[in-house]
Amino acid sequence: MTRWPVIRWPVIRWPVIRWPVIRWPVIRWLVVCLVVAGCGVPAVDPAYEGRGPITFVDSYDLSSTGPIRRRVEAWNARSSSVEAVTYVPMPTPTDDYRAQLMARAGDLAGRRGADAGSQCYDVVTLDVVWTAAFARANYLARLPEAEMGPDRFLPASAESARDNGRLWAVPWRADAGVLFYRSDLLAAEGVSRPTSWDELERQAATIAPKYGIAGYVGQLGQYEGLTVNALEAVWGHGGDADHWDGPGARAGVGRLASGVEQGWIPREALRYDEAASLKEFLEGRALFLRTWPYARAELEASPLKDRFGMAALPGPAALGGWNVAVSRCSAHQATARDFIQFLTGEESQAALLTQAGYPPTLASLYEDRELRARLPHLVVLEAAVLNARNRPRTAHYDELTRVVQRAVHNALGNPQALDAELRQLAEDVVRASSGR
């Protein structure tokens, strides 16, 4: 019998592949990271989809028309009682408001959703310079970009709602300092409104005394309003917020200090906030008033109707305004986000503009033909907002503004100390900005 040869195939040894051992906690961490990164929201938080009644806090509504309360009432009228909003006005000035918000958020730190109970302020209105501090303190819930649409808003306002590239709030009310003036008195003197600080001082010092009134009032009390007024004066004289010992800062703060010393700015103005300064102008005791656009509605309903004008400041204005955010402690964040969409939509912003003069943050409203026809002063608002500058953006803004207020207030009350105060302020601002 024929024997076939045995064929011996070579043995091929495949290398042994040793896969790394991945333990369950690592897998779980990776999955959570992928979910959060993919959705852009904290999807693992059950409060994210929560619906129910919420509390909304905002600064005290300075306008007599009460547009903020009316917006809340409009929401409650069209939504179910299950998602009703309770409006809680906060105290003025803004420093007191911020302190109360911080205290409440600090008390609830680490308590979330139902654990925070009814103590949580679900939706908070934040001054544009507070967003970074509240976000870094972990007091805010991060907002989804696609849902909130931040690209619809004015660039500077939209930027104020971010920190480290993430969206923490939505711009609601823009603001920029403007100049109100007695148009009847300027017309009687045959002069136009001032377009420079030199003209403003000359008119305030020469025309106002003829009528027995103050030349110029602003918010020069020792609070946030003073920081804003000081920055606008500094910018208007070629200075900036990084060089308080520079010539522009000395000229700007010096202008205000000399005004107090010479009398065209009343010494009483060193105690004025928004309400007090508006009262002086409203009751016919000042030629010029630096304040926010909301005052226009007050003046239109006063005996000064048709006897005043509104114009841009003689230099860049400070960009003010308010953002709305969701508190991290909220158990009903879906309702909170819907309410923010309602507040910041075209209908609500147009209502705030027409009822109280609050400048919109939505870029589209400045190009609305119907609004421009109804509100000729929208052109002034647009110019003021678009040319406005941001205050320094830092998580330590509270410390920074306090040192500015102290130094500037001392300089206004004692002009001889101006140079020494500003030299020290330049050093103090550097320390405060870094949290030292």
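Which residue in S9 does valine 178 stand opposite? Valine 178 stands opposite threonine 291 in S9. The structure is a predicted model, in which local features need pLDDT of at least 70, side-chain atom pairs count only at pLDDT 80 or more, and totals for chains, interfaces and linings use all residues. Residues are numbered from 1 along each chain as its sequence is written, and side-chain values use heavy atoms, with hydrogens and water left out.

**Strand S7 and its partners**

- Helices (H or I, at least four residues) and strands (E, at least two) are DSSP runs, numbered from the N terminus.
- S7 (residues 178-181) and S9 (residues 286-291) are paired antiparallel through four bridges; two strands pair if DSSP finds at least two bridges between them.
- S7 also runs antiparallel to S10 (residues 309-312), joined to that strand by four bridges, and phenylalanine 180 faces methionine 310 there.
- Val178 and Phe180 point one way from S7, while Leu179 and Tyr181 point the other way, and all are buried (under 20% relative accessible area, 1.4 Å probe, protein chains only).
- In a regular strand, side chains alternate between the two faces of the sheet.

- S1 (residues 54-59) pairs with S2 in the parallel sense over six bridges, and serine 59 has methionine 90 in S2 as its bridge partner.

Definitions and conventions. Buried means under 20% relative accessible area, exposed over 50%, partly exposed in between (1.4 Å probe, protein chains only).
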